[in-house]
Amino acid sequence: MRYAILIYESETDFASRTDQDRRERYWAAWRTYTEALNAAGVTRTGAALQSAVTGTTVRMKGNVRQVQDGPYADTKEQLGGVVLIDVPDLDTALDWAARCPAAAYGAVEVRPVFQGAMS
Amino acid sequence: MTASETAEQVARRCYGRLVAYLAAHWRDLAAAEDAVGDALQAALETWPRTGIPRKPEAWLLTVARHKLVDESRREHSREQIAETLSLITGKAGDETTNLFPDERLKLLFVCAHPAIDVTVHTPLMLQTVLGVETARIASAFLVAPSAMSQRLVRAKAKIRDAGIPFEVPEQQQLAARLDSVLAALYVAYGAGWEEIAGADPGEPDLVDEVLWLARLIVELLPDEPEAKGLLALMLYCEARRPARRAPDDTFVPLSAQDTKLWSRTMLAEAETLLFAASRVRRLGRFQLEAAIQSAHAERAWGGQVDWAAIVRLYEGLLTVAPSVGASLGHAAAVAESQGAERALALLEDIPQQRVANHQPYWALRGHLLMSVNRPLEAWQAYERAIVFTEDRAIGCFLADRLVGAMEQFWDEALERLRQEIERAKRQRVRP
């Protein structure tokens with residue numbers, strides 16, 4: 001089954017990516033995790049996102065495009081990245097989620113990928 | 001026995017096994033339940049005409065599998081149907097042996113999976129493993145049947161869609177995951193107890209079914225001390241069941257029970273289990289609770305209840321698994337070993353909002369207040385306890401206590417009044 005590992009990070013976590021003192025540790029943890037995923041051969045794809053303030057939300061109200069500065073949901077922790085994995089079941093997906101660095105400092109949601117009409 | 005009675009009996013015996021087996025392979029719990037339900041219906045219609053098949057379980061399994069395939073033809077892809085077909089022709093369903101693997105333990109782990117809302121764990125177990133009807137589950141949990149049904153449907157959809165595996169967890173996860181299974185089972189046992197009072201004589205006893213599941217877990221996971229602890233705990237309570245009601249059906253509290261009525265067989269089995277569990281040296285909530293019951297069971301062999309030991313066990317329990325129930329048990333034991341005043345002080349420490357509607361809290365409070373001769377407050381406490389009592393026999397028992405508190409209060413009030421009058425008389429006589 002395919003699962004999305006959704007990574008939620010706080011503003012401080014986003015800042016760790018570029019912070020002089022913290023960035024090395026931040027990226028080292030993520031590199032180790034990505035290498036483990038690749039070694040296990042479970043990754044489909046993944047991407048880290050820039051911080052939520054760079055987000056722009058769009059809605060169509062009839063024919064009118066409404067564009068708004070900022071992320072869709074205004075919460076303390078924001079979507080910071082996505083990893084798509086292909087594993088046999090939820091328990092295996094949860095194991096990978098637990099190993100994710102963000103599980104220790106932020107929060108990680110596991111969602112099965114919809115495999116209906118689109119595929 | 002008629003064919004329909006046999007069908008029902010077979011149904012009860014193998015419902016959970018059939019559902020667990022089909023769900024583990026097809027990974028759709030709701031579909032598996034529907035298929036087994038249809039197969040049972042078919043049996044009730046067919047068997048009175050054709051006679052009961054030589055291997056009724058195998059018959060039901062075959063019919064249920066065909067139902068699953070029919071259903072999937074309508075809803076699923078060719079690929080999935082091929083999977084089901086291989087399930088049907090697989091050797092696991094060999095009708096001549098009538099044996100298919102028991103997957104109920106896996107189903108129990110699915111029902112109590114951390115990805116499932118914890119309040120649905122027990123209802124899911126009752127429905128899928130024991131085949132208890134939704135209406136009965138709803139009434140045991142004081143929820144409207146439609147609401148309970150909705151929760152169960154949602155949970156089963158999550159199990160299917162999120163891909164929760166039908167597997168016994170690996171060693172490093174096992175203890176934590178087993179805790180959820182045991183906790184859910186214990187809730188089911190409590191629900192069974194609640195039911196005993198108003199039990200429908202036609203229904204199989206829920207408590208027996210839960211005990212049976214606990215035995216199954218002990219058998220399948222012989223190295224897990226908490227599983228043994230839970231079974232021991234249930235057996236200690238079950239052993240006392242015949243003594244909990246007087247012949248006129250009134251409630252008899254533990255301290256007043258006739259120990260001759262306690263089941264020696266069950267007590268002995270509980271002791272053996274608890275001893276075996278303790279040798280693993282991995283203490284947990286259920287072993288502690290069983291040990292507390294074991295201390296009470298001393299009376300069965302003419303011994304004294306060691307209240308100081310019970311206090312220490314409750315202290316341990318409050319560390320590993322704090323709960324209102326444990327706090328109350330602790331306070332009651334403290335009352336016996338150190339006096340009611342100390343116990344009342346402990347009750348004051350429990351946050352009021354957690355006990356406002358809690359019958360055992362008010363009953364204990366009433367009891368302690370009577371011991372320290374505060375009958376008016378005891379009367380008020382018993383009143384609140386009665387309001388929150390579901391069980392009629394316990395309600396009557398508490399009503400007796402309330403009347404006792406009331407009488408004591410009025411006796412004392414009248415006595416004071418009489419003394420006042422006497423004094424007034426003497427004063428009037430004097431001049």
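Let's start with Leu317(B) and ask which residues it touches beyond its neighbours within four places in sequence. Leu317(B) is in contact with Arg285(B), Leu288(B), Glu289(B) and Ala326(B), where contact means that two C-beta atoms, placed from the backbone, lie within 7 Å. You can find Leu317(B) in helix H14 (residues 307-320) of chain B. Helices here are DSSP runs of H or I with at least four residues, strands are runs of E with at least two, and both are numbered from the N terminus.

Is Leu317(B) buried or exposed? Leu317(B) counts as buried, because 24 C-beta neighbours lie inside 10 Å. The rule is that a residue with 20 or more other C-beta atoms within 10 Å of its own is buried, one with 12 or fewer is exposed, and anything in between is partly exposed, with C-beta atoms placed from the backbone. For a sense of distance, Leu317(B) and Glu133(B) are 184 residues apart in sequence and 34 Å apart in space, C-alpha to C-alpha.

Before I go on, a word on what we are looking at. This is a predicted model, in which local features need pLDDT of at least 70 and side-chain atom pairs count only at pLDDT 80 or more, while totals for chains, interfaces and linings use all residues. Residues are numbered from 1 along each chain as its sequence is written, and chains are lettered from A and ligands numbered from 1 in the order in which they are written.

Leu267(B) is in helix H12 of chain B, and it is buried because it has 22 C-beta neighbours inside 10 Å. Setting aside residues up to four places away in sequence, Leu267(B) touches Tyr236(B), Ala239(B), Trp262(B), Ala297(B) and Ala300(B). Between Leu267(B) and Leu313(B) there are 46 residues in sequence and 19 Å in space, C-alpha to C-alpha.

Let's step back to chain B as a whole. Chain B has 20 helices and zero strands. Its C-alpha trace spans about 110 × 45 × 40 Å along its principal axes. Of its 431 residues, 39% are buried. Among contacts in chain B between residues at least 6 apart in sequence, 61% join residues at least 24 apart.

Which residues of H10(B) are buried? They are Leu206(B), Val207(B), Glu209(B), Val210(B), Leu211(B), Leu213(B), Ala214(B) and Ile217(B).

Two loop residues in chain B deserve a look as well. Arg27(B) sits in the loop between helix H1 (3-26) and helix H2 (29-50), and has a positive phi of about 60 degrees although it is not a glycine. Arg27(B) counts as buried because it has 20 C-beta neighbours inside 10 Å. Asp249(B), in the loop between helix H11 (225-239) and helix H12 (264-278), also has a positive phi, about 75 degrees, without being a glycine. Asp249(B) has 10 C-beta neighbours inside 10 Å, so it counts as exposed.

Over to chain A. What is the secondary structure of chain A? Chain A has four helices and six strands, and along the sequence they follow the pattern β-α-α-β-β-β-β-α-α-β. Buried residues make up 18% of its 119 residues, and its C-alpha trace spans about 45 × 45 × 20 Å along the principal axes.

Four strands of chain A form an open sheet in the order E2-E5-E1-E6, with antiparallel pairing; strands pair if DSSP finds at least two bridges between them. The edge strands, which pair on one side only, are E2 (43-48) and E6 (107-112) of chain A. Inside the sheet, strand E1 (residues 2-9) and strand E5 (residues 78-86) of chain A pair in the antiparallel sense over eight bridges. In that pairing, Ile5(A) has Val83(A) in E5(A) as its bridge partner.

Last, where the chains meet: the contact takes five residues from chain A and six residues from chain B.
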